[in-house]
Amino acid sequence: MPEYRRIWQPGGTYFFTVTLLQRHGNDLLVRHVEALRAAVRKVRARHPFVIHAWVVLPEHLHCVLELPAGDADYATRWRLIKIAFSQAVPPGEWLSAGRAKRGERGIWQRRYWEHLIRDEADYQAHLDYVHFNPVKHGYVPRAADWPYSTFSTLGRGGRVSHRLGRRGINLGMPGVGCRRVQ
């Protein structure tokens with residue numbers, strides 16, 4: 001198994017992509033968005049973090065989160081969010097023999113992408129990427145039309161690019177510097 005290098009920056013701000021195991025035709029995250037919100041609230045109460053941006057799509061999510069000073073443990077937060085969501089959603093997904101043997105659910109991919117935000121330009125690019133994602137995937141014509149996003153909240157504060165309302169903008173996938181981690 002390859003070894004992935006994690007970047008542990010206490011108090012760091014990170015971009016994450018977290019994906020369901022079964023992606024095609026799966027709308028589990030938007031169908032159970034309240035369970036996801038409750039899972040995030042539950043974990044945030046015990047392991048605080050600041051949400052700078054968040055978007056939930058049918059089978060994956062993106063977010064920009066900031067950890068408290070002196071704390072770099074995003075892995076525990078994601079593990080607990082995934083567990084809380086999985087416990088709240090009724091069973092029924094397909095399970096591999098390996099997952100069934102270990103008593104796991106077949107909801108989440110085990111790994112996720114993380115990227116440590118380097119500077120203000122990187123931060124803005126990732127905020128834009130998070131909020132433009134529903135447009136990129138063809139769910140809505142404008143970022144403001146997607147109901148499972150922090151776009152409308154952040155847009156009023158001037159932290160989100162006005163360009164996100166138009167199709168065809170090339171924000172790019174934040175591939176350089178992204179790391180896939182367990």
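**Figure 1. Ser149 and its surroundings.** The side chain of Ser149 reaches the backbone nitrogen of Phe151 at 3.0 Å; a polar contact is a pair of N or O atoms within 3.5 Å, where, within protein, one must be able to donate a hydrogen and the other to accept it, and residues adjacent in sequence count only if both atoms are side-chain atoms. The model is predicted: local features need pLDDT of at least 70, side-chain atom pairs count only at pLDDT 80 or more, and totals for chains, interfaces and linings use all residues. Residues are numbered from 1 along each chain as its sequence is written, and side-chain values use heavy atoms, with hydrogens and water left out. Ser149 lies in the loop between α5 (120–136) and α6 (151–156); helices (H or I, at least four residues) and strands (E, at least two) are DSSP runs, numbered from the N terminus. Ser149 counts as buried because its relative accessibility is 15%, where buried means under 20% relative accessible area, exposed over 50% and partly exposed in between (1.4 Å probe, protein chains only). Leaving aside neighbours within four places in sequence, Ser149 is in contact (heavy atoms within 4.5 Å) with Trp54, Val55 and His131.

**Figure 2. Phe15 in strand β1.** Strand β1 covers residues 13–19 and includes Phe15. Phe15 is buried, with a relative accessible area of 0%. Between the C-alpha atoms of Phe15 and Leu116 the separation is 6.5 Å, although these residues are 101 residues apart along the chain.

**Figure 3. Helix α3 and the elements around it.** Helix α3 (residues 74–88) has 15 residues and reaches 21 Å from its first C-alpha to its last, close to the expected 21 Å; the expected span is 1.5 Å times one less than the number of residues. Buried residues of α3 include Tyr74, Trp78, Ile81 and Phe85. The buried residues of this helix pack against β1, α1 (28–31), α2 (33–46), β2 (50–56), β3 (60–66) and β4 (112–116).

**Figure 4. Trp78 and the largest nonpolar core.** The largest nonpolar core has 48 residues; such a core is a set of buried Ala, Val, Leu, Ile, Met, Phe, Trp, Tyr and Cys residues joined through side-chain atoms within 4.5 Å. Phe16, Trp54, Trp78 and Phe85 have the most contacts inside this core. Beyond its neighbours within four places in sequence, Trp78 is in contact with Phe16, Val18, Trp54, Leu61, Cys63, Leu65 and Tyr112.
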